[in-house]
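Me: I would like to go through this structure with you, one piece at a time. Please keep the answers plain.

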Amino acid sequence: MRKLFSNGLAVFAGVVSIPAGTHADSAKPATAEHRNEPAKDPAKDPAKDPRLAFLRTFFQRGDCPAAKLSPIFLEAADMYALDWRLLPSLSFVETSGGKAARNNNLFGWDSGRAAFSSAAAGIRAVASSLAHSALYRDKNVDGILKTYNGSAGYARKVKDVMRRIAPAVD
């Protein structure tokens, strides 16, 4: 009951604090352009993306919680120009596709110490780091994997998972 009251009070307080001169259109959410995000192509239906079926099938076979995040993996890979199979493969190798993830950290990022506000936020943050961090940027998959975890056999293990998700498409 206390939670309902506090939520109602917050909504009421938010309504009361809207300036009188605010126009209804100004309350609309910012467009992708205003948030510095790429605009979505309306002709491209994410539900019809064949990669989505590959990812969901792969994760569902392993009964991985990450299956529900398949669209986020694709979105992040496309946004940061990464191989679309890399992030899901890292999550599978590091946390069994989310089974062993703690603090929404599907990737064992920062030796497992990193915490993210959500699994989706973690996917986007790691993708951004792999694309923009001085440690990873301008590297191919082999270079990224060597930096990510230089132990013997790690790159081979991740690339094996990538092939299990789907064969490479050149």
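This is a predicted model: local features need pLDDT of at least 70, side-chain atom pairs count only at pLDDT 80 or more; totals for chains, interfaces and linings use all residues.

Me: Which residues of α5 are buried?

Reply: Ala 119, Ala 120, Gly 122, Ile 123, Val 126, Ala 127, Leu 130 and Ala 131 are buried in α5. They lie on the same side of the helix, because they cover an arc of only 160° around the axis.

Me: Why do residues three or four places apart point the same way in an α-helix?

Reply: An α-helix has 3.6 residues a turn, so residues with that spacing point the same way.

Me: And what do the buried residues of α5 pack against?

Reply: Their packing partners are α3, α4 and α6.

Me: Let us step back. How many helices and strands does the chain have?

Reply: It has seven helices and zero strands. Read from the N terminus, the order of elements is therefore simply α-α-α-α-α-α-α.

Me: What share of the chain counts as buried?

Reply: Of its 170 residues, 32% count as buried. The accessible surface of the chain is about 11100 Å², and carbon and sulfur atoms account for 56% of that area.

Me: Among contacts between residues at least 6 apart in sequence, what percentage join residues at least 24 apart?

Reply: The figure is 51% for the chain.

Me: Now α4. How many of its ten residues are buried?

Reply: Seven of the ten are buried, and the helix is mostly covered. The buried residues are Leu 86, Leu 87, Pro 88, Ser 89, Leu 90, Ser 91 and Thr 95. They pack against α2, α3, α5, α6 and α7.

Me: Is Leu 90 buried or exposed?

Reply: Leu 90, found in helix α4, counts as buried because its relative accessibility is 0%, and the cut-off for buried is under 20%.

Me: Which residues is Leu 90 in contact with, leaving aside its neighbours within four places in sequence?

Reply: Leu 90 is in contact with Leu 106, Phe 107, Leu 130, Leu 145, Tyr 148, Tyr 154 and Val 158. One of these, Leu 130, is also among the buried residues of α5.

Me: How far is Leu 90 from Met 162?

Reply: They are 72 residues apart along the chain, and their C-alpha atoms are separated by 8.9 Å.

Me: What follows α4?

Reply: Ser 96 follows α4. Ser 96 lies in the loop between α4 and α5, and its phi is near 55°, a positive value in a residue other than glycine. Ser 96 is partly exposed, with a relative accessible area of 34%.

Me: Where else is there a positive phi in a residue other than glycine?

Reply: Asp 63 has a positive phi, near 50°. Asp 63 comes after α2, in the loop between α2 and α3. Asp 63 counts as exposed, because its relative accessibility is 63% and the cut-off for exposed is over 50%.

Me: Moving to α2 itself, which of its residues are buried?

Reply: Arg 51, Leu 52, Leu 55, Phe 58 and Phe 59 are buried. These residues cover an arc of only 135° around the axis, which puts them on the same side of α2. The face turned away from that side carries the exposed residues Pro 50, Gln 60 and Arg 61.

Me: What do the buried residues of α2 pack against?

Reply: They pack against α3, α4 and α7. As for Leu 52, it is buried with a relative accessible area of 7%. Leu 52 and Leu 74 are 22 residues apart in sequence, with a C-alpha to C-alpha distance of 7.4 Å.

Me: At what angle do α2 and α7 pack?

Reply: The angle is about 115°, and the axes are 9 Å apart. Phe 54, Leu 55 and Phe 58 of α2 make the contact with Val 161, Arg 164 and Ile 165 of α7.

Me: How many nonpolar, polar and charged residues does that contact have?

Reply: The contact of α2 with α7 has five nonpolar residues, no polar residues and one charged residue.

Definitions and conventions
Residues are numbered from 1 along each chain as its sequence is written. Side-chain values use heavy atoms; hydrogens and water are left out. Axes are lines fitted to C-alpha atoms, for helices over the stretch in contact, and angles run from 0 to 180 degrees between N-to-C directions. Helices (H or I, at least four residues) and strands (E, at least two) are DSSP runs, numbered from the N terminus. Contact means heavy atoms within 4.5 Å. Ala, Val, Leu, Ile, Met, Phe, Trp, Tyr, Cys and Pro count as nonpolar, Asp, Glu, Lys and Arg as charged, and the others, Gly among them, as polar. Buried means under 20% relative accessible area, exposed over 50%, partly exposed in between (1.4 Å probe, protein chains only). Accessible areas come from the Shrake-Rupley method with a 1.4 Å probe; for residues, only the protein chains shown count as cover. The arc is that of the directions from the helix axis to the C-beta atoms.
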